[in-house]
Amino acid sequence: MEINKTEINKTEIEDMASATEKPLTKEIIIEEVSRNYKLLHRYKLSQQQIHIGRDYQNDIILSDPHICPSHASIEFRAGHWQLIDHQTVNGSFVENPTQKKHDAHQHIVKDGDIISLGKSQLRIFFNDHKVLPTLAFSPFESFVDLMRNPITLFLSIALFVFITGNVFYLNQPIEVNFSQLFVPTISMALGFALWPASVALISYLNKYDSRIMAQLGVSFVFFNLMWLSSVLESIVSFNSASNAILPLLVMLPSVALAFCLFWLNGYIGFQMTATRRAIVAAAITTLLFGGSYLVNYSKKPEFNPRPQYNATIMMPSLLLTSSNSVDNFIKDSEKLFEQTKKEVLK
Amino acid sequence: MTNTLSVAQWSERILIGNLMKAFFFLVFILLSSFISNDSYAAEQAEQLFNQLKPSLYQIKLIDKASGEKSFIGSGFQINKNGIIATNYHVISSYALHPKKYRIEYLDHQGNKGELTLQSVDVINDLALVKRAVKREIPFLKLSQTTPYKGDKLFSLGNPHDLGMIVVPGTYNGLKKESFNERIHFTGSINAGMSGGPVVNKQAEVVGVNVATSGNSIGFLVPHNKLVALYQNFQQAPPESIEKQMAQQLMANQEKLMAAIFNSSWQVKQLGAQGSIPIIDVPFIRCWGDSNTDKTDALILTAIANCSLDENIYISSRFFTGSLDIEFRTMQAKNISANKFYHLYQQQISQAGAGNIAGKDNVTEYQCHHDLVMPDNQAINNKSILCTRAYKKFPDLFDVLYLSASIDKDKQALVSHFTIAGINQANALAFTRRFMEAVSWK
């Protein structure tokens, strides 16, 4: 349950202005909420007097040991709901997010008020409380549904395993058999599965639906897309000279893919506003790419006696551009010498 | 890619490279066998030693801050005015950091005094230092003639700070196939004797101790190099040592590259279809290797490596003047083109510099790469060229070139060279000729 802060403020002001002429309402909704306002229980009551406390005669029974057996009551008097604290040990307080905490004894309850008793919190709504407009299913929902389909999930994990195995195979300088590839491949897949699993775990711990299948499905599809983008990157870097801009641009898809993955992870696992989700996804993406850049940067020695060059080569069938002439290569090399000479002056 | 070194070059590098760490290296080879076998030689050696003793010095490089010696070598008087000849590598630290060190001599009577650096020949590892003299002092005469093979020579010096000694040995001509000539001396030269004279029976200097390969194989700088240095110094003393070194390095690379450009580049077959150039000059020597014995290898590889077996010592962490060329052919056995290229890429991703150089001496490498096809269209390569500039010697560079063929599914030809201490024009001219000389048959 998301609380819209501005909404609360608005209703508060309205309530203050129209407190007296408001039609009498006896129905009241009391929600037991956690510290970060997650709904735990909801009661809808239609009586004049509601008793709240730890013993079993109360209408709302709270098991919090810091609450007195008969802690407080909310009574409908002269068109208002009023809170009465029964001289309790720890007191009752109005603790609205935008207001200062104050004593709740004899407080006239307004729509959206949050009352803290002991270590528990109650949120009170009237039945005319305005709710947010209906959220339509986004197109992502159908995409996520497709991805968490067991068959799609199996296929994307199988594809991931196949690609990983292939990469391992291609980089082994000696002959390898199936079982030698099996262990690194499976452990790689399990390692990558840790990410969606932990996102699911975190959303579960935050009282959201874990939706692990959806997380796995979406993540593996994106892992596969990232393999694809890295192959594209290699092809571009193989086909271009060192001063080309294209290899830098080809970096972008992988950044975009990472962002989309984190965005979808957030979309599946957590309920939050669109801006917040975008910010979180952008933050994780920055952390990932910026972090790996920082790690590389910090590892960089003060002076590297070895040349750093791009040695990407691929099989001739992936050669898409025509080659330069020796003349042009030598001409470009002249610039290189000029550049190095400038380094001396630094 | 690795650079194979011949044994001789390796130990030479060790000697020169590690002298800094003072009393290191080499088992002291007993001279007793030499001496007892030939009592006449012993008598003669003693006589010579006594005669030359007043002109011999131990040269010490003193670290000013600590007041202790950081390097030792030997030297000898070559004129009556106090000019002393020694090795450049003995005083190299002073030449590069004159504020940090001072040079001191110790004569046969235990007198000490300061020396000033006058002139160097960095290519032939020689230096002239000067002591202040009040009166004329005895000096060694430089020989007018070259010895004959088998002539008895006497090497003098102060090994490992153990005192001045004389070592009899044999002249064995010039080191075979050397670019900058060195005398091959059969006799035990040890660390600390660097810069000491080698004289003939007439007590005339025929060479200067410079390096060893161990097992009584020693190398000397021929006396004519010293004569040339001394004459140049008398005509025009150098403006600054650094400029003099820069000029010598520049002239040396010009001479080397001229010799290479003017020689014939012979076409040679490497592997089944590779065609590579072999530069036909005596001082560049080639070695080969292949993995035909490894039955489990997925790729059949043959390597040819040609290099100049000498390099120029600038400091213990900075060498230059080397040239290494490597060719490699690869032939896939039972693997796909995709896998072959993956493994092939691993092979070429780790090329390193051919010479030792640090942050104070050179910039970091800068590289560029492109796909290049020579005009004859006989090969299509991915070519990479990297350079780094020398900080103290303007317009000199280290270059590294690496080229990998990308036009055959299951065959590859890698061509690679590194040249240390070359100017831009020569580097580019060499690169161009090299690129055009490598192809498929």
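Student: Okay, starting with chain A: what percentage of its 346 residues count as buried?

Tutor: That comes to 23% of them. Keep in mind that this is a predicted model.

Student: And what about chain B, how much of that one counts as buried?

Tutor: For chain B, 49% of its 441 residues are buried.

Student: Switching topic. How many helices and strands does chain A have?

Tutor: Chain A has nine helices, plus 11 strands.

Student: Is chain A spread out or compact?

Tutor: Spread out: its radius of gyration is 31 Å, while the globule rule gives 20 Å for 346 residues, so chain A is more spread out than a compact globule. If you box in its C-alpha atoms along the principal axes, you get roughly 95 × 55 × 35 Å.

Student: Now the other chain. What radius of gyration does chain B have?

Tutor: Chain B has 24 Å, and that agrees with a compact globule of 441 residues, which would come out near 22 Å. Its C-alpha trace spans about 80 × 50 × 40 Å along the principal axes.

Student: What's chain B built from, in helices and strands?

Tutor: You'll find eight helices and 25 strands in chain B.

Student: How about contacts within each chain? What share in chain A joins residues at least 24 apart?

Tutor: In chain A, 52% do, counting contacts between residues at least 6 apart in sequence. In chain B, residues 24 or more positions apart make up 64% of the contacts with a separation of 6 or more.

Student: Let's get to where they meet. How many residues of chain A are in contact with chain B?

Tutor: There are 41 from chain A, in contact with 54 residues of chain B.

Student: Which helices of chain A supply at least two residues each to that side?

Tutor: Helix H3 (150-171) and helix H9 (326-345) of chain A. The largest share comes from H9(A), with 13 residues.

Student: And what classes of residue make up the side of chain A that touches chain B?

Tutor: That side has 20 nonpolar residues, 14 polar ones and seven charged ones.

Key:
Residues are numbered from 1 along each chain as its sequence is written. Chains are lettered from A and ligands numbered from 1 in the order in which they are written. This is a predicted model: local features need pLDDT of at least 70, side-chain atom pairs count only at pLDDT 80 or more; totals for chains, interfaces and linings use all residues. Two residues are in contact if their C-beta atoms, placed from the backbone, lie within 7 Å. Helices (H or I, at least four residues) and strands (E, at least two) are DSSP runs, numbered from the N terminus. Ala, Val, Leu, Ile, Met, Phe, Trp, Tyr, Cys and Pro count as nonpolar, Asp, Glu, Lys and Arg as charged, and the others, Gly among them, as polar. The radius of gyration is taken over C-alpha atoms; the globule rule is 2.2 Å times the number of residues to the power 0.38. A residue is buried if 20 or more other C-beta atoms lie within 10 Å of its own, exposed if 12 or fewer, and partly exposed in between; C-beta atoms are placed from the backbone.
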